[in-house]
Every structure is written in structure tokens, then in C-alpha cells.
Amino acid sequence: MSKKNLVIVESPAKAKTIGKFLGPDYEIKASFGHVRDLPDKKLGVDLKKNFEPTYIPMKDKAKILKELQSIAKKSNMIYLATDPDREGEAIAWHIQESIQAAANKVRRIVFNEITQNAVQSAVQNSREIDMHLVDAQQARRILDRLIGYKLSPILSKKIRRGLSAGRVQSVAVKIICDREKEILAFVPQEYWVIEALLDQGPKARFVSKLFAKDTEKTKYEPKTQTEAEAVVKDLKTSQYSVAGIKKTQIQRNPQPPFITSSLQQEASRKLNWTAKRTMIVAQQLYEGVDIGPESVGLITYMRTDSTRIAQEAQDAAKDLIRYQFGDRYLATVPRKITKKSNVQDAHEAIRPTYADKTPSQLKDVLNIEHYKLYKLIWERFIASQMCPSQLESTVITVKAQHSGQPTYFLKTTGSIIVFDGFTKLYSEGQDTPMEDEESLLPQLNEKDPLNLQKLHHAQKFTQPPPRYTEATLVKELEEKGIGRPSTYAPTLSVIQDRGYINKDKKNLLPSDLGMLVNEKLEGYFNQIIDVHFTAQMETQLDDIMEGKNEWQDVIAQFYAPFTALLDKANLEMEKVDNTRPSDEICTLCNSPMIIRAGRFGDFLACSNFPACKNTKSMAKSLNAFCPTCKSELREKRTRKGKIFYGCGSYPNCTFASWDTPIAQDCPTCSHNTLFVKKWKGKETTYCAKCTPPASK
């Protein structure tokens, strides 16, 4: 019996999808992600030996590695088919090191999409592991370890236990804090908007807005109510006429197919999804979802900053456009896309692997999340290969004049769609609503007289810059060169999980803790959280990937000045007093209790610490009692801030519930607490002691 070839991927879903393309001579196994990392409880980087890392097997991967090693010994060839980026390259290298297979038996295969042609081509064009890619990932990991391991303890010591800092996360927090400072410092300026309802008969009405005074080029806006009312008085007695009509032909091109950042932004706008949720669903679509009896990879690799599209995919899209929309909707000129300097361009843009698998065909076989994201990706890609939309924009300038009064000018803008083009299928979402919505205008001629029907004036104030949303923050990070496609979603999750940033609807706001940590980092580590410095570091990591830099040299250039900053902060940074007085007295030693800030909220602690270590929860009393042990229930919060209700005698009793307890007797068992479950807009009251709720 001939030996099989072993193919190692990260996930079982990917293994299932690939298995059908390679046949019986191949055995597909999953590593379930990373298999080795730096140790949890020590630095794991030898500062005296040129930053040599010490990698150890991850605790939950011992059994998997043993199995892979056993199968590898009996295999003919070993193909490492982890994701096609530097993180995937590093995972492949760690697997190779862990299974200890002979170098001539191990080959690396990469594919941008999980299709039969792509997978079989990858096997035929296998290569050695690219150590430049591995070194770039090692440099990033070691940089993050040095910053996290050396800087986080200072924050914990000087501000509060359990705090952390990071190369990208701290810059993201700084960007949000800087915007909040702008908002707090903003001084609104008053102005007044004046609009006139004009017509040339009942079927030719339109609204025109004041924009100039004396001449069309002299822009004008009343600043006070008195000034606005004086203008309105003039306008009431003015004669109105068309001063000019300007028509412009406008061509709007479709947006290119998605890259990681634009996918996260559009999913936030149109689906109201977080970046993390978007990437989880996209990963599933890439690795393979069940369609009938088969597992099919529906999209290309979702971590990319390139808008490049393979010619084969372009041709497939053109065939579909011709069939579904007609030749006139097909782009006649290949669209030139400007390539940014920091784009890695290793992969294509995010697109469907099969253009002919339309969302409508898959709607009944995909779950709702898979369908929504696939539809977004499919429509954006097909639209990118369609022709521009054509619009005719019309600007009507109106003159208002009366002898002895200033001449005023008003403006109305409208447009009509001459040809819908790509918008027949897809239009990009907006971060903010359009202020001046264009409307269809009546047919008018220059010098036509107009009738005034109504005047309206309203007070307005200039607005501060808007707070960031996940979508606009990703856009900002991308534009400034902070992080890479793989880092956006985890960065957004970390800064919220750490309690540095809160979310109000879609808006990201810094917490008091976030502002405090940022203030301290700006004071002592401004270079580390500097936007330009962090962007430059990303460029250096890219240089390592391209073989232009040695990773140890990049780390060394960073570490020497970083050490000096650490020493200064340790000596000079003042310790923040997070305590507040309370009315409570310690029951153990009669000392006053003080309020301390903990990782999961405020709590009471004895002021005589460390001689007395008494603490007391400040959780809200509910006058409700545990159905298990009858102790008082307390309102508590998870690490992510979500409220739940737990027994006050924890850890002796572990009862907990997401549902709200109320002080009301159960009619069946007389327990004095009921719970209220809210689900899909309905409320159900139940007793947790005798009638627990039915599962959802």
C-alpha cells in the first residue's frame, strides 16, 4: 500500500472543502490555528542573544501535534496549506518545526481561493517556506511582546492592576481620545439658513437656499437672528428671477472590489456589524460552507489590501453581466486602479469564487449571516466590472433684488439619472447622511421671473467633528498605515474589552480610564504611540517580508530608546490614586473602608491594607434571593461589561442568570423571587426554582 500525502490546514471547515479536490492519495488534517507561541508567564525573548525567541507548544495543542507528528512519519509528502499571508506562513513554519519532519518531505502550498483549479495548481507549484514572511511575523510578535510585557506592568503599577498597552491598540485609543479632545474643545458658531419656496406655476415649485450677497462670488450667511430677520424682510419685497442655469454631465464610477478594510466599513454601514463579526463570517465563507451535500468555499481570501482581480474572474463577471443586464451595462474600458505604496498585493481583492453562484440562488441554502455578507461581496464585485452611471446635474441660481436693497443670490441643485449603470445593482453606503439631498427640478430658462410663495429661516450651529465608528476608525487606521488587514478587527475588540473605549450605538467614546491611560502614555511614551512612528514600523515589517531588512536589526533599533523611556517612566511617572472615601467601616478591624477601582468595577476595601485585606462588593442590592441557597442576589458585570445576576455567596453558590430578578412571590412554590426573560420583544415571568424557562 503506497503512502499518502498529508495536507495540513488550520481549520476543519477548510479541510472538508479541500478534501474533495485532492482525491484518495491525500489525507487532510487541521492544526486548529497556531500550534506554538511565546510562553504566557515569562518574556520568552532573550535580550542578550539578539532577541532570540523561545517558542513552546500551546497547552491545548499537545494532542493535535502528537497526531500530526505520527501521521507525518507515515506520509510520503507533507503539504502545509495554511492561510496565504505572513501569519499563515509563520503557522506553517511552526508546524514544520513541531512535527520534526525531514525538510525534503515538507512543501508549502498557497491559494487565494478554495476551488479545484486553485488547490490543484498550488500542489503542482509547491515551494519551500518563505522565511522572509516568517521573520516579518516573528518581528511583529516580538515587538508586541516587548511592548506588552515591559509597558503593561508600568500601567498596572502606576494606574491600576490589569491594564495593558499595545503597539497598535494604544495608537487606536490615542486616535479616539484625540478626537474626543477636539469635540470637548469645540466652540459652536451660530449661523442662520434662509430658504425660499419659489415657483413658476403650481407644477414648477422648488426650494432655493441663500448663499451670496451683492455678487454671486461674495458668499454670505447671516450670523445672528437680527441679521437673518433683516434679510428675510428684504427678501419679502424682492423680485425673483433666474440668474443662471448650469447643466453638467456627471459620470460616477463603481468602487473597486472589497479589501479587508472596505469590507469591514461597508458591513458596518449596511449590516450594522462589528469588524470582528464581519471577519468571522468572511472566514467561514472562505473556508467553506455546506451547500447541499458539498462544502464550498464561496469567496477568496478575506485578509488583503489589494484590489487586483484575476483575468479569469473578470471574464466570468463580464459573461454574467452580459447575460443578466445586457451589453450596455458592461464596462467598455478596463478600469485603472491606483495602487497605494504600502499595499502588499500578494492576493486578489475579496470576490466570489464563482461569479455564477448568485445570492438569489444561494438564499435558501445559506444561513442568514452567510447570505447577507456573500450578497454584499458578490454585488460589489459584479458592480465593479459594470459601466459608470450617468447623471445630469443642474444648478439654478436665483437673483432676488429690489431698488434700495442689497441683491441676494439663492441656489438650488438637482440631478436626474440619465443611465443607472452599476447602480442598477449596487450603491456604496455612507458614513453620514447627505446634507443636501438633490431633487428633480422644473424646466426653466435664464431670466424667467419667479414667484415667492414662502420664506423660512432657521438657526443652526457649526458641528464638532463626528466621533469615530468602527467603520471610520478602520478607514483612519488604513489611511495612516497603522496595522494591517489582519489586525483591524482584533484591535477594535481589544480596546473595547479592556474598557478603554465604550460604544454608544455606533459611536466609539473613550472611557475615563482610556483617557487617563492615553494621557500617561502621551506623557512618557509619546514616540511609541505616535501615528507616524507606528506607520513607519509597519513599513519596516514589510521590508523584512521583502528581504530588505533583518528582523533583529529592526527590533534592536526600537528596543534601545524604548528601554530609556521605560526607565524614565518607572522613576518619574506619578502613581494615580484611584481610591475614594466611603461611609462604610471595616467589619474586621474597624478601619474606614475606601472605594477602589477594580477590573470589573468598583469595590470596597479596607484602608488598613495590607495589614487587613477585607473587601466587600459594591454590587447593587436587588431585594431578590437565590433560588438555590436563598442568599441575596447581586447585579454583576462580565469582563466585557454585560450585566448579569449572581448569588451573593459566590463561590460557595454559583447560581447566575442573564434574566432580571424581581421581588415577587412564586404562586406555585412561594419562593420570593421571580425572573423576567425578554426575548424578541416579549416578556415572560418565571420561577427559577420550580419552573425554569423553556430554551430559546
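**Close-up views of a predicted model**

**View 1. Cysteines without a bond.** The sulfur of Cys 606 lies 3.4 Å from the closest cysteine sulfur, that of Cys 589, which is too far for a bond; a disulfide is a pair of cysteine sulfur atoms within 2.5 Å. Across the whole structure, the search finds zero disulfides. Cys 606 is buried at 1% relative accessibility, and Cys 387 is buried too, at 7% relative accessible area (buried means under 20% relative accessible area, with a 1.4 Å probe and protein chains only). This is a predicted model, in which local features need pLDDT of at least 70 and side-chain atom pairs count only at pLDDT 80 or more, while totals for chains, interfaces and linings use all residues. Residues are numbered from 1 along each chain as its sequence is written, and side-chain values use heavy atoms, leaving out hydrogens and water.

**View 2. Helix α5 meets helix α16.** Here the axes of α5 (residues 131–158) and α16 (residues 531–545) come within 7 Å and cross at roughly 150 degrees. That makes the two helices roughly antiparallel (angles over 145 degrees). The axes are lines fitted to C-alpha atoms over the stretch in contact, and angles run from 0 to 180 degrees between N-to-C directions. Look for His 132, Asp 135 and Arg 140 among the α5 residues that meet α16, whose partners include Met 537 and Leu 541 (contact means heavy atoms within 4.5 Å).

**View 3. Helix α14 and its cover.** In α14 (residues 488–497), Tyr 488, Ala 489, Thr 491, Leu 492, Ser 493 and Ile 495 are buried. Their cover includes helices α6, α8, α9 and α13 and strands β17 and β18; helices are DSSP runs of H or I with at least four residues, strands of E with at least two, numbered from the N terminus. After α14 comes Gly 499, with a positive phi near 85 degrees.

Note on methods:
Angles under 35 degrees count as roughly parallel, over 145 as roughly antiparallel, 65 to 115 as roughly perpendicular and the rest as oblique. Buried means under 20% relative accessible area, exposed over 50%, partly exposed in between (1.4 Å probe, protein chains only).
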